Amino acid sequence: GLARQDAQFESDMTYDYTLKPDGQIDGTIKGEIRLSAVDIATEEGAGATLPDARITLDLVQGINPDGTHKMTGDLDVESGAVGVTGPAGEKIDLENFKFHIASLDFTRYGDPAGSEQPEAAADAVAQDATTGAGEPRTVLALLLQQVEAIAQPALRDRMEIDASPSISASAGHFALPGAEDGPDQAIRFTNFAAEAPGVDSQSADDGGWSVTSAFDAVLESAWAGPAGQEDSSGIFASGGKLTAGKIVAETGAEGSSISFDVDSGLDEVAMKDPAGMNLTLGGISAGTPGMSVAGDGTGQGHIRGPVKLGVDSLQSSLPSEAGDMTLGATAFHFGSEDFDIVGDDGLSLNLSGTLGLTDLQMEKTGEAPLALGLDQIDVGLGPLTIDPLGPGAAIAGPLETTLTNLQLASGPADQAQEVSVAGTKIGLDNVALATAEPLTLELSGGLQLQDTRAKLPGADGGFQEVSVAATDIGLDKVGLSTAEPL
């Protein structure tokens, strides 16, 4: 229960209703509700504070003689600082928060759906609201319990809800207690905003729902890592955006499904730790022009559609007493027109696609220096099958890898051993890898090398150069077996 519930409440609302002879009720609700000095706490130590908040309503309401209830209009919620504390020490702090619903069009029809499915859904909500007795409850859990209680009768009716909701927040801070002896963790962000223009949803007679919409979100910057170590450790991200279109979601007695288009990206992601390791990725993009996710609630389902992932630049450094290592590349991409995860008492993956990396440069300093350069890596995948997708996986399918202009040098500059290969092609007609015990690997295909040159130590203490114009090595069948699982 609640140990403290302090708040100040002010209302400046206007209600105007008309009752017509046929029983029709029409009305308007306009005005503002102001909350201040809100301080709520549970007996378990959870709490919430809200110094100032404002709710603005501009609604038109109608109740038909048959019981159909309709409401249209706009709703705004705006607050200053928000603080929420969990019973285990979790904390959420926001400098300000805004929530807006534009063009709300809500209809609850007077005639009940008439099937047992909506009643089953309502009964499930009622059951959920009574579980967890004796467990520490947060303020959010108490609020959700009230919402669930209100939702029970509503789930028995057929409804339509159309709206364009949006949300924004700034200067957010999330604090999480560390696991066991680990440090506390924190997440901070500057500004976040999201909107779902043109949401169109309606319930069905079998208790299900269908929703169509779009979704857009932007994130100015964010950081996550050990609390108090923003300058020396963690993950920093900036310039985040996500655009989802053609979202269609459906639930019902036969299962649920969702399909969507997504285009997302980040201007930069940087990772670092106190030891000096850092990794910076620039121009990250990911998306799908048409993904579908479906399931029937019994383990049968799929995730299917084309996917794409790209990184414009990569820079990494790893300091070490044996010599610092740096790694860089100008572009990475992965694309698959045939990406299919299927669930049937487990998951399996079917995949066809390409993977590429441009201008790879690696360098290690110290007593044993090493330098590696590669203009281009191109990998053709599949169709590959991974089944199951997890421990004991079996991987099967063709794999083709092409390397362009490989340069390798080891040792000090005046004694460096060098190898260069203008072109390398590894074409494997079939790769069969079983990771269950015993691990087995079978390969068949071929290896081609073009214009290979090497500078290697000679018998007289100097260097000799070796060159091979072309090499073609066939792999009829290569097998490997171990007694231990991977």
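A residue is called buried when its relative accessible area is under 20%, exposed when that area is over 50%, and partly exposed in between, using a 1.4 Å probe and protein chains only. The structure above is a predicted model, in which local features need pLDDT of at least 70, side-chain atom pairs count only at pLDDT 80 or more, and totals for chains, interfaces and linings use all residues. Residues are numbered from 1 along each chain as its sequence is written, and side-chain values use heavy atoms, with hydrogens and water left out.

The overall make-up of the protein comes first. Two helices and 24 strands are present; these elements are DSSP runs numbered from the N terminus, helices being H or I runs of at least four residues and strands being E runs of at least two. Of the 486 residues in the protein, 29% are buried. A contact is counted when heavy atoms lie within 4.5 Å. Among contacts between residues at least 6 apart in sequence, 58% join residues at least 24 apart.

The charged side chains may be considered next. Side chains of opposite charge can pair when their charged atoms come close. Such a pair is termed a salt bridge if a side-chain nitrogen of Lys or Arg is within 4 Å of a carboxyl oxygen of Asp or Glu. A search of the whole structure finds twelve salt bridges. One of them links Glu10 with Arg34, their closest N and O atoms being 3.6 Å apart. Because Glu10 belongs to strand 1 (residues 2-19) and Arg34 to strand 2 (residues 25-42), this pair ties together parts that are 24 residues apart in sequence. Glu10 counts as partly exposed, with 44% relative accessibility, and Arg34 is also partly exposed, at 29%.

Arg34 forms a salt bridge with Glu32 as well, and there the closest N and O atoms are 2.6 Å apart. Glu32 is partly exposed at 21% relative accessibility. Asp12 is placed in strand 1. Although Asp12 and Glu32 are 20 residues apart in sequence, their C-alpha atoms are 5.3 Å apart in space. When neighbours within four places in sequence are set aside, Asp12 is in contact with Lys30, Gly31, Glu32 and Arg34.

A salt bridge also joins Arg453 and Asp451, with 3.2 Å between the closest N and O atoms. Both partners are partly exposed: Arg453 has a relative accessible area of 46%, and Asp451 has 31% relative accessibility. Elsewhere, salt bridges that share partners join Glu10, Glu32, Arg34, Arg54, Glu78 and Lys98 into one network.

Leaving aside neighbours within four places in sequence, Ser420 is in contact with Leu406, Gln407, Asp451, Thr452 and Arg453. At 15% relative accessibility, Ser420 counts as buried.

The nonpolar side chains form another part of the picture. In soluble globular proteins, nonpolar side chains tend to be buried together. A nonpolar core is here a set of buried Ala, Val, Leu, Ile, Met, Phe, Trp, Tyr and Cys residues joined through side-chain atoms within 4.5 Å. The largest core has 22 residues, and those with the most contacts inside it are Phe339, Leu349, Leu351, Leu360, Ile377 and Leu381. Two or more residues of this core come from each of strand 12 (234-252), strand 13 (255-272), strand 18 (331-343), strand 19 (347-364) and strand 20 (370-387). Strand 20 gives the most, with six residues. Beyond its neighbours within four places in sequence, Leu360 has contacts that include Leu327, Leu372 and Ile377.

A second, separate core of eleven residues includes Leu57, Leu59, Ile101 and Leu104. These four residues are also among those lining the second largest pocket, together with others such as His69, Phe99 and Ile161. A pocket is found on a 1 Å grid over the protein atoms alone, as an open set of points where a 1.4 Å probe fits, with protein on both sides within 12 Å along at least five of seven lines; lining residues have an atom within 4 Å of a point. Strand 3 (47-63), strand 4 (69-79) and strand 7 (96-112) each supply at least two residues of this lining.

Finally, Gly182 lies in the loop between strand 8 (157-176) and strand 9 (185-195). Gly182 is partly exposed, with a relative accessible area of 32%. Gly182 and Pro226 are 44 residues apart along the chain, and their C-alpha atoms are separated by 9.1 Å.
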